[in-house]
Every structure is written in C-alpha cells, then in structure tokens.
Amino acid sequence: MRVLLRLIPFVLACAGIAHPALGDTAHTTTPRGAQLEVVADFPAGAGPFPAVVLAPGQGYHLALPALAQTAQQLVAHGIAVYRFNWAYFSNNPKAGRPSDDLLNELEDLQSVLKLARAEPRVAQDKVSVGGKSLGSLVAWKALSADPSLRAGVLLTPVCSRTSDGQAQDFSDANYPGISAELRPVLFVAGDRDPLCAPRVLYAFAAKSQGHARVVIIGGDHGFENKTLVGTAVDAARNRNISLLSHISASFIVENAGH
C-alpha cells in the first residue's frame with residue numbers, strides 16, 4: 001500500500017451509431033433507453049491504445065477544464081479517452097439530478113465502457129475508469145464490479161463534510177471495500193476541499209492493502225483558492241488543473257498504460 005503526497009503532477013447499444021472519431025461527439029443508448037453524449041479522443045495511429053473512461057461531476061460536464069485537460073494530457077501520452085455526460089444532465093442541464101442510488105449513473109458509465117471496448121483502437125485488457133466528484137463515486141462502483149478494469153482515477157473524491165471545524169467521515173460509505181482493492185487507485189483532492197478533508201482521505205487510503213495513492217494539490221472542490229483576489233484566482237485554478245491533468249496522465253501511464 002502506498003499513500004503519497006506529491007505536489008507534481010454491447011457492441012454499440014444504438015443501431016446505426018458509428019464509433020466516435022477524434023474529438024467528435026456521438027450518442028449511444030443505455031439498456032434503460034437513455035441517450036448519452038460521448039466524446040472520444042485518440043492518439044494518432046491505429047492502436048490499440050490503453051483507454052480511460054472519465055465520468056463527470058454532478059453538474060461538471062465533459063467539456064469543463066478538469067476533464068478536458070486531463071483527456072488532453074492522457075492522449076498526449078498515448079492513452080485513448082472517453083468522456084461523457086450523465087443522461088440526466090443531457091436531458092436537463094439545470095434541473096437534472098442523479099438517481100438516489102446512482103444505479104442509473106452506473107449504467108451510464110458501464111454503457112460507455114462497453115462502447116470503448118467495442119472500438120478496435122482500444123486495447124481491451126488496458127481499460128481504466130475515472131471520475132470527478134459524483135463521477136468518482138460511480139467510477140468506484142464500476143471498478144468494484146468489474147475486475148477487468150486496470151485502475152481508477154478519482155478526482156475530488158467525496159470523503160467528508162466539514163461543519164463547525166469537524167470533518168464527518170463518509171469515505172467508507174462512499175468508497176466501500178478499500179482494504180480489499182489491490183489495483184492501483186489514485187485520489188486527487190484540493191487542500192481546501194470542504195467535501196474531502198486531506199487527513200480523512202489519507203487515513204482512508206491507508207486502509208488499502210494494494211496501491212492507493214493520494215495527491216493533495218491546491219484549491220477547493222473546483223481547485224480554486226477563494227482567499228485570492230483578481231486575476232490570481234484564475235491563475236491559481238489554472239495551475240491546479242494543469243497539475244491535476246499531468247498527475248492523472250502520469251499515473252495511468254505508470255500503472256495501466258503501455
């Protein structure tokens with residue numbers, strides 16, 4: 001088990017839908033009939049490439065920086081990336097909400113995993129999963145349910161909630177079975193995130209008997225530092241997200257890549 005602090009880095013379900021080309025948006029259908037927006041990015045060449053499916057946050061869609069820049073870095077390192085939006089978000093971006101038990105969202109993610117595995121340019125034995133915030137919860141469910149997945153990348157995990165200076169620990173409830181998970185898992189959180197206190201995350205990852213890695217970078221749940229003012233706010237957020245993307249790509253290359 002490793003806990004590290006590093007300040008660096010079915011066949012297509014919808015008949016007639018072609019595999020997405022580089023950076024193109026496609027649609028596929030889940031078993032329950034929900035439509036998903038998917039973007040697939042591939043390195044140059046015929047492959048097959050290792051691949052990562054990245055799940056979005058509750059309202060943090062696939063084109064926002066933490067996911068888009070992470071995808072960019074992964075592709076630069078020879079990794080194919082599938083990003084998508086939750087069906088509820090595509091149906092109603094402002095008022096849509098996830099299912100109470102997240103089973104619809106797990107079906108969404110698993111449908112994109114099937115889409116990726118149907119692509120000849122994807123190395124089927126080198127597929128990993130990741131997600132941001134809500135996406136990290138669903139990615140953990142998918143990882144736990146599918147032993148063929150190589151690794152997990154959990155960005156801004158939801159491990160606690162701070163109130164009156166006390167952090168209530170939700171880590172075991174949200175990411176059950178950490179002690180039995182032997183595959184490489186990366187947790188990346190901000191040092192000011194009210195939804196995941198670093199000390200809670202460290203203690204949780206220390207229960208792993210496998211390869212759990214914790215990286216704390218600057219910022220809150222959106223990697224912002226609201227104590228700053230003016231242009232410093234955007235500059236800090238951009239630095240933090242750039243760092244996040246490099247760390248995530250490095251982890252996948254090291255643990256589930258070529």
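1. The model is predicted: local features need pLDDT of at least 70, side-chain atom pairs count only at pLDDT 80 or more, and totals for chains, interfaces and linings use all residues. Residues are numbered from 1 along each chain as its sequence is written, and side-chain values use heavy atoms, with hydrogens and water left out.

2. Helix H3 (residues 103–117) and helix H4 (residues 134–145) have axes that come within 9 Å and cross at roughly 60°. H3 is therefore oblique to H4. Oblique covers the angles left after roughly parallel (under 35 degrees), roughly antiparallel (over 145) and roughly perpendicular (65 to 115). Helices (H or I, at least four residues) and strands (E, at least two) are DSSP runs, numbered from the N terminus.

3. On the H3 side, Glu105, Leu106, Leu109, Gln110 and Leu113 meet Val138, Ala139, Lys141, Ala142 and Ala145 of H4. Contact here means heavy atoms within 4.5 Å. By class, the residues of this contact are seven nonpolar, one polar and two charged.

4. The peptide bond between Gly47 and Pro48 is cis, with omega about 5°. Pro48 belongs to the loop between strand E2 (35–41) and strand E3 (49–55). Most residues other than glycine have a negative phi, and most peptide bonds are trans.

5. Leu102 has a positive phi, near 65°, and lies in the loop between helix H2 (87–91) and H3. Leu102 is buried, its relative accessible area being 11%. Buried means under 20% relative accessible area, exposed over 50% and partly exposed in between, with a 1.4 Å probe and protein chains only.

6. Phe223 likewise has a positive phi, of about 65°, although it is not a glycine. The residue sits in the loop between strand E10 (211–217) and helix H7 (231–256). Phe223 is buried at a relative accessible area of 1%.

7. Rings of Phe, Tyr and Trp (its six-membered ring) pair if their centres lie within 6.5 Å; planes under 30 degrees apart count as stacked, over 60 as edge-to-face and the rest as tilted. The count comes to six aromatic pairs. One of them, Phe42 with Tyr82, is edge-to-face, at 5.9 Å centre to centre and 80° between the planes. Phe42 lies in the loop between E2 and E3 and Tyr82 in strand E4 (residues 80–84), so the pair ties together parts that are 40 residues apart in sequence.

Notes:
Axes are lines fitted to C-alpha atoms, for helices over the stretch in contact, and angles run from 0 to 180 degrees between N-to-C directions. Ala, Val, Leu, Ile, Met, Phe, Trp, Tyr, Cys and Pro count as nonpolar, Asp, Glu, Lys and Arg as charged, and the others, Gly among them, as polar.
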